[in-house]
Amino acid sequence: MIAGESPADSPSFTLEDLGSLARFAALALSPDGKLIALVVSRPDPGENRTLTTLNLIDTKNGAQRVLTSGDISHPAWSPRGDKLAWLAPDADKTRQINLYS
């Protein structure tokens, strides 16, 4: 709200707005604390589905990049932090372990 405006003048948050919010489904902090693997889900009402991405976030500067997208879950770092694993279905819809190093 801008100074001088009344609550009635400011835009209200609607049920439709709630449906457009991103949801953080899972996260994993790397052992050295330098990276966060974050699963982000965003609704796609036009396609009646949810778009999910696996993002890497640099904890020092906040830089983000998308590693992959799809039905992603359970990100986990290796003990040394040199590999990141997550679950995602293959072409036959069987959940597989995926590895990024």
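The accessible surface of the protein chain in this predicted model amounts to about 7,300 Å², 55% of which belongs to carbon and sulfur atoms (Shrake-Rupley method, 1.4 Å probe). Of the 101 residues, 24% count as buried (under 20% relative accessible area). Local features require pLDDT of at least 70 and side-chain atom pairs pLDDT 80 or more, while totals for chains use all residues. Residues are numbered from 1 along each chain as its sequence is written, and side-chain values use heavy atoms, without hydrogens and water.

The chain contains 1 helix and 7 strands (DSSP runs of H or I with at least four residues, and of E with at least two), in the order α-β-β-β-β-β-β-β from the N terminus. An open antiparallel sheet is built from 4 strands in the order E1-E2-E3-E4, where pairing requires at least two DSSP bridges. Strands E1 (23-29) and E4 (64-69) lie at the edges with a single partner strand each, so one side of each has no neighbour in the sheet. Within the sheet, E2 (residues 35-44) pairs with E3 (residues 49-58) over 10 bridges in the antiparallel sense; Pro43 stands opposite Thr50 in E3.

Beyond four places in sequence, Ala88 touches Asp71, Thr94, Arg95, Gln96 and Asn98 (heavy atoms within 4.5 Å).

Key:
Buried means under 20% relative accessible area, exposed over 50%, partly exposed in between (1.4 Å probe, protein chains only).
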